[in-house]
Amino acid sequence: MAAESASQTIWPEIEKAERENRRELVLHGAAVDKKIESCGGIHPRLYSLSLLNYLEVSQCPSLHSIHQDIRSLVHLQSLILCRNKIASVPKDIGELKALKVLDLSVNALQDLPEEISCLSELTTLNVSCNNIRDLPLGLSQCTKLCSINVSKNELTQLPEDLCSSSSLELLNTIIASENAIEQLSSEIHNLSALKVLDLSNNKLQEIPFELADCPKLKEINFKGNKLKDKRLEKMVNGCQTKSVLDYLRVGGRGKGKGKQDGESAERSDRNRNVSKKKNAQRQKNKTEEEEVDELKQMVVRILHVSDSPAAVMVKVSPQVKDVRPFIVCCIVKGMNLKPGNALKRFLVAQTKLHDEICAKRTAATIATHDLSLLKAPLQYDARPPDVLRIVPLGRKEMKAGDLLKMLQQEADEQRKQKKRQNVSGLHKYLQLLDGKDHYPCLVDADGHVISFPPITNSERTKIKKTTRELFLEVTSSTNLQICKDVMDAMIIKMAELNKFTFDHKEEAGSDGEMDSTSDPLVDSSASPELSVVQVKVLDAEGNLKVVYPSKTDLTSDVSHLTIVR
């Protein structure tokens with residue numbers, strides 16, 4: 001009877017969306033999960049919200065299926081159903097003719113309905129982290145598809161029409177890592193817009209040389225595959241994309257001509273330079289082996305925290321337990337943001353991590369600070385909206401409650417002025433704090449709020465081109481492990497960016513932020529090596545909650561990254 005009563009009582013979130021004719025609705029977390037468990041699914045009233053163009057239901061392990069009435073949401077453009085336990089998707093999803101983004105990642109799916117191929121407006125498909133063994137045929141009918149992520153499933157092959165059809169003229173990204181894929185079609189060259197291809201950690205033995213005919217291909221990843229051509233295997237585990245494509249383009253042994261040929265070629269390669277054609281295109285006439293050695297210079301050194309008073313520590317207040325309880329922090333030294341577009345690349349990479357591994361900030365949020373601009377020790381606290389004050393990025397100091405009201409007004413104004421239903425920037429994350437009477441914040445020893453997750457950082461500690469030492473924090477309302485996973489990914493990306501900056505000469509200030517104290521040319525660092533200093537997080541009594549990075553963190557399998565402990 002209780003379940004029946006609960007199912008008849010409309011959820012306040014749905015009632016509010018219905019009353020205000022909202023175009024966007026986000027339902028996620030433990031409170032929503034309890035309602036789903038009581039109702040035996042999503043409240044049926046949701047499917048009457050025909051004006052919705054953005055719907056997200058995430059982090060609800062009690063959600064096992066989607067009702068066929070989903071077809072009623074005919075204006076839906078984005079459907080985000082990640083981090084649940086969904087085991088099946090109804091065929092009726094094919095009737096969502098306006099759908100552009102479909103995210104079913106981190107669920108329990110074993111297959112997908114063929115009707116997905118009827119989604120003619122679909123641009124983004126994410127079904128990563130499931131148990132899918134086969135993708136439906138007909139994806140080539142989704143002619144506007146730009147990105148597909150099928151990583152961490154049980155696929156043994158990609159659909160034949162995905163590569164053989166020339167109709168996918170916009171498909172630029174295929175992420176299919178950590179499956180059991182045994183073969184990549186030689187028809188891959190039909191994907192004329194392909195820029196990113198990730199087939200790492202599969203069961204490939206050969207890479208078709210036709211891959212080199214993809215005219216826009218910029219980033220490939222075949223690491224973790226046991227290729228017949230051992231020289232090619234060595235290259236994909238170390239060399240840059242261009243070197244691998246050049247190797248395939250001139251014939252190489254891209255189709256795997258056997259063990260003997262590969263071994264003899266590898267022996268002869270030790271005593272000769274690369275061919276003249278490649279030699280003219282490569283700086284300093286380096287061989288592939290030399291390039292691998294150079295990449296191995298990407299080093300992250302972990303500095304263990306001391307018990308001295310100078311060590312940066314974070315104390316967690318009991319109030320955050322019911323708001324956003326999980327946090328990990330560390331300090332990164334040696335990051336060079338001064339040359340050219342280095343700072344811009346760093347910020348773009350952080351945004352990409354927010355969209356992907358952080359699930360658009362619903363799973364976790366990253367904040368980066370200039371270490372020299374904050375004073376330790378720090379306190380991770382939760383305060384009422386009318387008490388918490390912060391200087392948000394690009395704004396004047398204000399109360400957190402006033403900031404959210406202002407952002408909500410800006411979002412409403414965006415919809416009216418630009419005549420669109422979706423909003424951008426910080427406005428996308430406002431609903432993550434719905435129903436909270438306290439907001440999380442990180443406060444330094446001077447009492448300045450330097451972070452207000454998941455909304456914004458403070459202008460006080462904003463990183464600049466001159467920043468060399470960064471304080472990093474990752475917070476989550478979900479669990480501690482996602483914080484660690486995100487921090488791992490952030491540091492690895494920083495190491496890659498720092499190595500890229502070290503290898504490429506750029507003029508200072510080319511991204512618009514000129515430092516008057518810098519030389520016209522880039523300051524050259526002696527090494528791209530990063531140092532990561534541990535930061536302890538303590539409870540209110542001073543007991544250790546977590547230290548990052550610990551021995552079990554940053555256990556990277558990235559072949560060209562060395563972790564020194």
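Tutor: Helices here are DSSP runs of H or I with at least four residues, strands are runs of E with at least two, and both are numbered from the N terminus. Leu52 sits in the loop between α3 (30–39) and β2 (54–58). Keep in mind that this is a predicted model, where local features need pLDDT of at least 70, side-chain atom pairs count only at pLDDT 80 or more, and totals for chains, interfaces and linings use all residues. Residues are numbered from 1 along each chain as its sequence is written, and side-chain values use heavy atoms, leaving out hydrogens and water.

Student: What does Leu52 touch?

Tutor: Contact means heavy atoms within 4.5 Å. Not counting residues up to four places away in sequence, Leu52 touches Arg22, Arg23, Glu24, Leu25, His75 and Leu76.

Student: How do you know that β4 and β5 pair?

Tutor: Two strands pair if DSSP finds at least two bridges between them. Three bridges join β4 (residues 101–103) to β5 (residues 124–126), so they qualify, and they run parallel. For Val101, the bridge partner in β5 is Thr124.

Student: What makes β1 and β9 edge strands?

Tutor: The nine strands form an open sheet in the order β1-β2-β3-β4-β5-β6-β7-β8-β9, with parallel pairing. β1 (24–28) and β9 (219–221) each pair on one side only.
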